[in-house]
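Thanks for coming. Please look at the sequence and the model on the screen while I go through a few places in it.

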Amino acid sequence: MKYKGKLFRASKEATGDLNAKVGKIPQQLKSLFVLFLVLISLFFLLRHFFTPDTFGKYGHYRAAAIDSIMSQPLRYAGAQLCMECHDDIYALKIESYHRDVSCEGCHGPAIAHTEDPSEFVPPAPRERGYCPLCHEYNPSRPTGFPQIDLTSHNPPKPCIDCHDPHDPKPPHTPEQCSACHAEIYRTKAVSHHAPLLCTRCHEAPEAHKDQPRMHLPSKPTSRTFCGECHAMEADSPKDIPRIMMSDHGIGYVCWQCHYPHYPEVR
Ligand code: HEC
Ligand code: HEC
Ligand code: HEC
Ligand code: HEC
Ligand code: HEC
Ligand code: HEC
Ligand code: HEC
Ligand code: HEC
């Protein structure tokens, strides 16, 4: 009982207090406002002292940055300059697979060399470890990008024993699709489609191996292609799993649900 009375009194006091304060700005808001003013002034003060002089002259950046960047020493000369003295190598490379790889990408910054070739000769990356920076097998590289498995591709010889870095065509045309489509090859090799040759599903012109992008192989285009082996009525070995073409995944091509190089159902 005693306890209840106390509570009642306390809440009554609180309401009275509140009534008295209606219409006034509470003290804590005033303090907040002052704090806010101090922070804003501090911001403008600091901004005044710390903004570089030329900031905002041309745009939202420090105009003097242009001069300080311009005053840095030049390091790269550009392939055009190399051509003046190494026109033979330039001409070789521009027609090769490495046409888009810049000279200084492999030889390092070489402007000092172009000014006085006897003063500084750029290094040439002759060791085996260099080329794999771009060519070691890596699933994130685009499909068709020439890649090798470093442990099995002609160890331990340096790459330049067989490939001219300025015209890196392989000494002979790759025989296997796997030379360039390593990831698809490896995926298929552990799938139910392992026994199928690539050429069972793709007609690849011989020239595809020399100029792959100019002569693309064919790809299956319709459901009936897969049906050649998998339809109920197909004339194919008995152990191949069959489906009813008329009600299995209709409205889609098969490879919207089954990756053709790894068709297992999960
Ligand atoms: C003014 C002419 C000149 C220009 C321009 C020039 N070079 Fe050279 N370069 C030479 C000469 C001369 C040598 C031979 C130097 C020596 O062996 O002492 C040479 C040698 C080289 C070597 C040989 C390295 C080695 O280990 O055998 C490389 C690499 C090279 N240059 C790359 C370049 C690159 C890259 C460029 C463009 C950025 C370039 N050069 C531009 C004249 C030039
Ligand atoms: C893919 C990397 C790569 C690119 C791109 C490249 N080089 Fe080279 N370069 C090499 C390697 C590796 C050697 C060493 C070759 C050797 O010793 O047989 C070399 C050697 C040289 C040499 C020494 C002479 C010779 O023929 O062995 C010169 C000069 C040269 N390169 C200039 C150039 C120029 C100029 C360019 C651009 C047009 C260029 N390189 C592009 C990797 C490259
Ligand atoms: C900066 C990356 C880079 C470096 C370093 C590089 N390459 Fe390449 N390489 C490429 C590119 C890009 C292609 C062209 C790929 C294409 O056409 O799809 C290529 C193509 C090739 C090819 C394929 C030719 C074909 O038949 O498809 C060979 C072989 C090759 N390079 C060997 C070498 C060797 C040897 C070295 C070291 C001296 C080297 N590469 C260093 C980027 C590089
Ligand atoms: C003993 C000679 C030899 C050496 C050393 C060698 N290769 Fe090859 N390379 C070949 C041959 C031959 C092929 C043709 C395809 C095949 O048979 O594998 C080839 C193919 C390639 C391909 C694929 C070409 C394509 O069209 O996709 C690349 C990339 C490649 N080599 C890069 C390298 C790199 C990088 C090194 C050094 C780590 C190297 N090679 C060392 C002989 C060699
Ligand atoms: C010298 C390297 C090389 C060899 C060897 C090679 N390919 Fe290709 N292939 C490529 C390149 C590069 C592409 C283009 C990739 C891209 O555009 O993304 C390609 C694309 C393809 C495509 C896709 C075509 C398309 O329209 O998208 C198929 C399918 C294909 N290759 C099948 C094969 C088959 C099958 C073999 C073996 C008989 C083979 N390739 C051998 C380099 C090669
Ligand atoms: C069972 C038939 C079949 C076999 C076997 C097969 N492919 Fe394919 N492949 C296809 C189909 C279907 C597509 C089209 C997939 C798409 O369009 O999404 C395709 C697409 C491709 C592509 C285009 C890029 C991609 O990944 O979609 C390449 C490259 C390719 N195949 C290479 C190969 C190579 C190399 C082999 C042998 C190692 C091979 N294929 C074996 C059916 C097959
Ligand atoms: C040349 C005949 C042939 C063609 C064409 C063919 N397959 Fe197959 N397929 C097979 C064989 C063989 C198996 C494996 C049977 C086994 O494992 O016993 C198989 C297995 C499968 C499986 C079953 C995997 C599992 O989990 O049992 C699927 C799904 C499949 N293929 C889809 C396709 C698709 C999609 C295509 C068209 C791109 C296609 N197949 C084209 C011969 C073929
Ligand atoms: C809409 C998605 C889809 C499409 C499109 C599709 N499938 Fe399937 N497929 C499945 C699923 C899910 C399963 C597993 C369940 C089942 O057996 O129905 C399967 C199972 C299979 C099997 C294994 C049957 C077994 O008995 O093990 C084969 C073979 C097959 N599909 C081939 C094909 C072929 C060939 C095509 C094109 C004509 C195709 N699929 C189109 C989703 C699809």
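D167 sits in the loop between α8 (132-135) and α9 (182-189); helices here are DSSP runs of H or I with at least four residues, strands are runs of E with at least two, and both are numbered from the N terminus. D167 is buried, at 19% relative accessible area. Buried stands for under 20% relative accessible area, exposed for over 50%, and partly exposed for what is in between, with a 1.4 Å probe and protein chains only. If we set aside the neighbours within four places in sequence, D167 is in contact with L92 and S96, where contact means heavy atoms within 4.5 Å.

Some housekeeping. This is a predicted model, in which local features need pLDDT of at least 70 and side-chain atom pairs count only at pLDDT 80 or more, while totals for chains, interfaces and linings use all residues. Residues are numbered from 1 along each chain as its sequence is written, chains are lettered from A and ligands numbered from 1 in the order in which they are written, and side-chain values use heavy atoms, with hydrogens and water left out.

Now ligand 1. Which residues coordinate its iron atom? They are H86 and H113, each through NE2, at 1.9 to 2.0 Å. A donor is an N, O or S atom within 2.8 Å of the metal, or 3.2 Å for Na, K and Ca; water is not among the atoms, so sites may look incomplete. H86 belongs to the loop between α4 (79-85) and α5 (87-94), and H113 to helix α7 (residues 111-115), so the two tie together parts 27 residues apart in sequence. In general, ideal octahedral angles are 90 or 180 degrees.

Is H86 buried or partly exposed? H86 is partly exposed, at 37% relative accessible area, whereas H113 is buried, at 14%.

Around ligand 1 there are 15 residues, and the closest are C82, C85, H86, H107 and H113; a residue is counted if one of its heavy atoms lies within 4 Å. At least two residues of this shell come from each of α4, α6 (103-107) and α7. A side-chain N or O atom of R126 is 3.3 Å from an oxygen atom of ligand 1, a polar contact being a pair of N or O atoms within 3.5 Å; within protein, one must be able to donate a hydrogen and the other to accept it, and residues adjacent in sequence count only if both atoms are side-chain atoms.

Next, ligand 5. It has 16 residues around it, the closest being C177, C180, H181, H208 and K219. A polar side-chain atom of K219 lies 3.2 Å from an oxygen atom of ligand 5.

Last, ligand 8. The protein donors of its iron atom are H248 (NE2) and H258 (NE2), at 1.9 to 2.0 Å. Both lie in the segment after α11, so the pair ties together parts ten residues apart in sequence. H248 is partly exposed, at 34% relative accessible area, and H258 is partly exposed at 25%.
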